[in-house]
Amino acid sequence: MSVTRCLVAQEEVQKFIEKCMLTVGTRASHARSLAEVLVEGDKRGHYSHGLNRMDLYIKEIKAGICAKDGEPVVERESAATALVDGRNLLGPVVGNFCMSLALRKARDVGIGWVVARGSNHYGIAGYYALQAVKENMIGMSFTNTSPLVVPTRAKECTLGTNPISVGAPAKDGDSFVLDMATSAVALGKVELHDRSGLSIPEGWGCDAQGRLSTEPSQVLQGGGLVPVGGSETTGGYKGYGLGMMVEVFCGMLAGSQYSRHIRTWRVTDRAANLGQCFVAINPENFAPGFNDRMSDLLSLHRSLEPAEPEKPVLVPGDPERLHEEECRSLGGIPYHLSVVNYMNDVAKSIGVTSLLPADRVIH
Ligand SMILES: NC(=O)c1ccc[n+]([C@@H]2O[C@H](COP(=O)([O-])OP(=O)(O)OC[C@H]3O[C@@H](n4cnc5c(N)ncnc54)[C@H](O)[C@@H]3O)[C@@H](O)[C@H]2O)c1
């Protein structure tokens, strides 16, 4: 599939998203927080969780099911833990609040474990884990999401794509950053194949009878995504277990919505009330030399002889690092022209006149 790409400067995307969110009434600092997470998603190459999602946030604010203003509130607290009411604010506002609280606790007592209820979609999970990495700590973040995944041996979607992110700092700014959905792929990939009339590889999704299917329309209409690992024979039950683990840390600890009780994906008839979890761990409370060992672990893997010489062995976080380097060398973020045009139409529909440039086409 060949697509036309166009280059947009990071600051242009940031300002554009802020302006659109301000226009629908979001508090300025909240609009900025959302734009920062979305831009980071795009810079890291996770386009499914960047600018591409802006219309969903606008729709939820306009529908009055996500709060435009306010502050998250700490409901219960101990030296190392907190339960936060996200007050139905934008996910990144809740996420930033919880992660900075977790970091403060980790500085004080070695670990901070903070869970939130009353939250909304928060973008890439890695954004929050990375906040800890920047402070030389281990960071973790998890969120539950609308049901899209069919558990092993089942026929009904009862789990979201429930992402897991774990970041750990090495020396000289290097790091391990695992940031992954617990479904085999994102729903957007199946939708893209459907629109292009292409079949999908086996192990992405199943039909309404719970049988693996390579037909995207069967996955989208009555079927669902399968957990990471695919079918039972290829270890899909491990992904199923990880998706449920995310619910233990999020819905179960936070008392938010969970599993099939979370509203249907893209349906904006009520507040999402998502559960989220944010963890910071201070390596200084453990064996000395953590960063040195991390660097050794990373280089040990990166220096493995690759099975295919042109494909070097990577560690989690490397593909995103490479994408960020590409953005730096291009002097902006490359977007599909269709996404830029679509978001400009969304902006025009709410009265925003300063649009994204669509003329810097790259090949
Ligand atoms: N907020 C939400 O509701 C939600 C839900 C699902 C996913 N997400 C986000 O979507 C994004 C995409 O998730 P995904 O599962 O499609 O990511 P992905 O499959 O692109 O990458 C998953 C992980 O694998 C690593 N990786 C990729 N190739 C590798 C290789 N060859 N060697 C070693 N490591 C490698 C990446 O660095 C990353 O840590 C994530 O940022 C996630 O947080 C958010």
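Hi everyone. Before we start, one term: helices here are DSSP runs of H or I with at least four residues, numbered from the N terminus. With that, we can say where α2 stops: just after it, Gly 45 takes a positive phi of about 90 degrees.

Please keep in mind that this is a predicted model. The chain carries 11 helices and 13 strands. Its radius of gyration is 20 Å, close to the 21 Å that the globule rule gives for 363 residues, so the chain is as compact as a globular protein of that length. Of those 363 residues, 46% count as buried.

Let's go back to α2, which covers residues 28–43. How far does this helix reach from its first C-alpha to its last? The answer is 22 Å over 16 residues, close to the 22 Å expected at 1.5 Å a residue. Its buried residues include His 30, Leu 34, Leu 38, Glu 40 and Asp 42. The cover over the buried residues of α2 includes α1, α3, α4 and α5, along with the strand β12.

Now for the ligand. Which of the 26 residues around the ligand come nearest? They are Ile 124, Ala 125, Pro 163, Met 180 and Ala 181. By type, the shell divides into 13 nonpolar, 11 polar and two charged residues.

Methods
Residues numbered from 1 in each chain as written. Predicted model: local features only at pLDDT ≥ 70, side-chain atom pairs only at ≥ 80, totals over all residues. Helix = DSSP H or I, 4+ residues; strand = E, 2+ residues; numbered from the N terminus. Rg over C-alpha atoms; globule rule 2.2 N^0.38 Å. Buried ≥ 20, exposed ≤ 12 C-beta atoms within 10 Å, placed from the backbone. Expected span 1.5 Å × (residues − 1). Contact = placed C-beta atoms within 7 Å. Near = placed C-beta within 6 Å. Nonpolar A, V, L, I, M, F, W, Y, C, P; charged D, E, K, R; others polar.
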